[in-house]
Amino acid sequence: MTLLAGTGVGVLETGGQQFDAADRDLWMTAGETRLTPTGGGGFENTLYDSRNVSAAVSQQEGVRNAVPLAFETVYVTTEDRDEFQTFVGSGTPGGGSSVQVIEGESLDGDPYYAGGTYDGERTNDVLIDQETARSLDVEVGDTVYVGGSHAAARENEMTVVGISPTFGQMLGTPTVVMPLSELHQVTGSTQTEPATFITITLEDDADSEVVQRELQAQYPEYEIRSNQEQLDAVLEEQVLVLAAGFTLVVLAVGTGIALTVNLLGLIIYQQRQAFAVLKAQGISSSLLILTVIGQGLAIGVIGGVLGGVLTPAGVALLNRLTTAVVGFDGLVQFEPRIVGGSVAIAVVIGTIAAAIAGWRISRTPPLEHL
Amino acid sequence: MAIPAPDHRTTHPPIVAATNVTKVYTRGSGPGRFGRLLGRSEPPTVEAVSDVSLTIQPGEIVGLAGPSGSGKSTLLHLLAGLEVPTEGSVQFQQTDIASYSTRRRTRLRLEEIGIVFQRFHLVDSLSARANVALPLVELGVGRRKRRERATEMLDRVGLGDRLGHKPGELSGGEQQRVAIARALVTDPALVVADEPTGELDTETGEQILAEFRRVATERTVVLASHDRETLAIADRIVRLHDGTIVEQGDE
């Protein structure tokens, strides 16, 4: 039950945590934020001229910086493969602190942009997540070919400089991260410089709501959203994900109750003759019910504690499994409130079920069971 | 409460007496009001015990014998107040217990009658001592006194070293001895046992019978069995057939 609930809560909360982890205060988009129907998980890039817009937003009072982020479908292959695989190419102007690197190095700026002339030196560096590394069977230092088309990919030889789970976890799909200008270049979009959104970090003393209102007034053609609003906007389109997460939580609670009742029912049914003998020997209904409740309570507590103790190992195992299968790290969550809730269900439902079973046994004539 | 070894055959009033007792069981449920309107017939009935009269004196060991279906278990249940007769009366210590409420009969069994069944049916989750002590909880005996009394009873049946063992950790014979200790822990005046050795091998059965012999020196015992060895400990054997007493006499 704790694992099922942990998965459900994980599905519901992981997106939010990733948005929080992105450490941005505001998000600017050019309308709806949804998965492109043709892509392998990329967002629509409808915020054009993103570099200039970002630069203008950065000048706004209270804004520390504004960074465009683009997600595009890209084709990737390696030296020893003929086929291409589709991934989400993530473009970021230089990596930044919000891109976590767990192996190798981070991206080193975005020199190719060169102030908009696109004639700087290309780094040809990419970061990939663990799932991408597994899919392509590459590691740090290996060469990959990336492009918005097969032809473009063949011409863009890049080097894996690090492993980063950041965007893979945020999007729930394998990613290839590179400097924004190089993503625009390999996808042929340097002219329009599209971005999925612009992330805005505020000064420490800035009032988020005030800045949001001012930016919204200044850029009425764009949507300025807080972290939560942005998450809601993304998830609005992901009803299935929400439904799945919610269903898992409901299923966990339902299953926990059903299993507890079932287990207790079986245990008490097995002992119906023992209780019948006690009744035959003059034990009153109330003591009989108390004895059964005692058993229910003991089973509930033992089951609950055992579940709580075993949950971390189960969570770790399931997370390894989900990471291996879908590349999504830390999906199943271990939360004290889930374990607490599970123990409470085991104890409360165990006690109630035992009380009902005890009451039923106490009402049955003893010889009926003997 | 227990009566110490009296001369049971002569002057004392009977501890339990069944007079013209008949017990009829109905097979299945009745047709109900609407069923009767629709012409459904009453379910068949079985007369398990038919016009039986039996008197048991204090300190006596009585064996109820007979083949399966002869009515010995039903008669035992009637004598122990587990069933009420359809006709006739059962008097325990000269009081008709058929007129008692269910609650009062339950209390009577707790205080005056110890019951041992063929199957031991101990509560699995409780230790041997806790199983034995349960009737004392019902009687409101304090925890310390309960433990002492239960320990004493288990000592008497040779299980002083098995106090903390759960039923699953005990052999069949040991479990039956725990059941005997549980039946005796309230110091009942009457002990009834229904095929007490039926689930046991010969050797263990003999040990249990030895236990009953010890019990019988202090109180009245009624045993129902079709086993000759078991009945051999009885002072008097009452033989039943088709729900009626066909013979009774000394061992």
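**View 1. A polar contact at A:E182.** In this predicted model, the backbone nitrogen of A:N124 lies 3.0 Å from a polar atom of the A:E182 side chain. A polar contact is a pair of N or O atoms within 3.5 Å; within protein, one must be able to donate a hydrogen and the other to accept it, and residues adjacent in sequence count only if both atoms are side-chain atoms. A:E182 sits in helix α6 (residues 180-186) of chain A. A:E182 is buried, at 0% relative accessibility (buried is under 20% relative accessible area, exposed over 50%, partly exposed in between; 1.4 Å probe, protein chains only).

**View 2. The salt bridge of A:R122 and A:E182.** The closest N and O atoms of this salt bridge are 3.9 Å apart (a side-chain nitrogen of Lys or Arg within 4 Å of a carboxyl oxygen of Asp or Glu). A:R122 lies in the loop between β4 and β5 of chain A and A:E182 in helix α6, so the pair ties together parts 60 residues apart in sequence.

**View 3. The salt bridge of A:R51 and A:D110.** Their side chains meet at 2.6 Å, N to O. A:R51 is in helix α2 (residues 50-58) of chain A, and A:D110 is 59 residues away. A:R51 is buried at 10%, and A:D110 is buried at 14%.

**View 4. The salt bridge of B:R144 and B:E148.** The N to O distance is 3.7 Å. B:R144 is exposed at 67%; B:E148 is partly exposed at 42%.

Residues are numbered from 1 along each chain as its sequence is written, and chains are lettered from A in the order written. Local features need pLDDT of at least 70, side-chain atom pairs count only at pLDDT 80 or more, and side-chain values use heavy atoms, without hydrogens and water.

Definitions and conventions:
Helices (H or I, at least four residues) and strands (E, at least two) are DSSP runs, numbered from the N terminus.
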